[in-house]
Amino acid sequence: MDTAEHDRGVEVVIGTLLRWGVVISAAVVFAGAIGWLAHSGAQPRDYLHFHSEARDLRTISGVLAGAARLSWAHVIQLGLLLLIATPVARVAFTVFAFWGERDWMYVAITLLVLAILLFSLLGGQHSI
Amino acid sequence: MNTLEFSIIVAAVSAVAGFLGALTGLGGGVVITPVLILLLGVDLRYAIGATLVSVIATSSGAAAAYVKEGFSNIRVGMFLEIATTIGAVVGAAVATRTPASALAVIFGLILLYSAWDSMRQKSEQAAPRGCDPLAERLRLSSTFPGPEGPTAYGVCRVKTGFGLMFGAGVLSGLLGIGSGAVKVLAMDRAMSIPFKVSTTTSNFMIGVTAAASAGIYLSRGYIAPGLAMPVMLGVLAGSMLGARFLMGARVRALRLLFGCVVAALALEMIYSGATGKL
């Protein structure tokens, strides 16, 4: 059975998906950047000393709530979150692709990778 | 320096790094972190968080272009991502308990290796199928577009490659880089996968590996929006431009020059880390 041809078709779809993820997240980050710099561009700022970001910039729910209020730093962070979610979406899509091929071994492998990603993304949220 | 000036400088530096990183195949992230730390005085943890985000952007943005060429191997990538994502979670967890000086020294060593690796000769030799029975059971063998049509290749030493990939994941999570050089080492050297297949599959994997540690970095407050923003936008613009220039560019001399710059940054990182200046 030659799966190389089918795999390529899947990869082209995945490649397009990834590019759109990057374009959308970059646009959100850029919009946030304009607002943020217009609002607080004149303030002195340095990242010389680590003080950890504010709590609501460290959680998904906090970022979403802040972005809804149009707090510009939160809009930037939302764009970054969308960017982080892009490879996760890619892995999720690959599960369906292998499912369509009835390749159960790779459905299982891909689900395992997806589980690790979701554990890392959501698991840390509760310990804050 | 106010926020606007700082953002413009960081974006410009990131764009140059992204451009050269794409041209030379070293990746932009690996030089941004030391430049942010050594030249702009950014805290190591913020620099790592910002770079990690930009690594996802360049990896994902380039994937569409790579896929068209038909070199990347989706099964090899997905199977090895089990190792890199677990490694990345472990690395990110360890990073928050490791002193900055130690991270700087490790970073410098990896940077030195990457610089050396970018200058060595690459082979396109394909291993025979059945090289490792485990690879056949996992259906990792595939074909790549060679000069005389599709060329079959086998995959060797799957367990060694898997182990090295775990290491690549740990480094990625620890230092906020894509660790493409270590990934290529695992596939190209250990598993005898043809070089072009190794690099494109590695690029595909980098975004997923980085995403695995990004969640932990975010919840620990390492991702500062004001810093990650100019780094991400700059690297993305620079690397897209670099990928466009790559067609027909004579990169040999440039690669040598960039390799030397990277090596100098690496030594400075090791020195700063070892003398406790960070």
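Helix α4(B) has a kink of about 35 degrees, centred on Glu81(B). The bend at a residue is the angle between axes fitted to the seven residues ending there and the seven starting there. Helices here are DSSP runs of H or I with at least four residues, strands are E runs of at least two, and both are numbered from the N terminus.

This is a predicted model, where local features need pLDDT of at least 70, side-chain atom pairs count only at pLDDT 80 or more, and totals for chains, interfaces and linings use all residues. Residues are numbered from 1 along each chain as its sequence is written, while chains are lettered from A and ligands numbered from 1 in the order in which they are written.

Back to α4(B), residues 74-95. Buried means 20 or more other C-beta atoms within 10 Å of the residue's own, exposed means 12 or fewer, and partly exposed lies in between, with C-beta atoms placed from the backbone.

Next, the core. A nonpolar core is a set of buried Ala, Val, Leu, Ile, Met, Phe, Trp, Tyr and Cys residues joined through C-beta atoms within 7 Å. The largest one holds 132 residues, and Val53(B), Ala228(B) and Met232(B) touch the most other members. Contact means backbone-placed C-beta atoms within 7 Å.

The contact between the chains takes 55 residues from chain A and 53 from chain B. On the chain B side, α1, α3, α4, β1, α9 and α10 each supply at least two residues. That side divides into 31 nonpolar, 17 polar and 5 charged residues.

Chain B also has a hairpin: β1(B) and β2(B), with 2 residues between them. The strands pair in the antiparallel sense over 5 bridges; pairing requires at least two DSSP bridges. Two of the facing positions are tabulated.

| Residue in β1(B), 142-146 | Partner in β2(B), 149-153 |
|---|---|
| Thr143(B) | Ala152(B) |
| Gly146(B) | Gly149(B) |

Chain A has 4 helices and 0 strands. Buried residues make up 40% of its 128 residues. Among its contacts between residues at least 6 apart in sequence, 61% join residues at least 24 apart.

Key: The expected span of a helix is 1.5 Å times one less than its number of residues. Two residues are in contact if their C-beta atoms, placed from the backbone, lie within 7 Å. Ala, Val, Leu, Ile, Met, Phe, Trp, Tyr, Cys and Pro count as nonpolar, Asp, Glu, Lys and Arg as charged, and the others, Gly among them, as polar.
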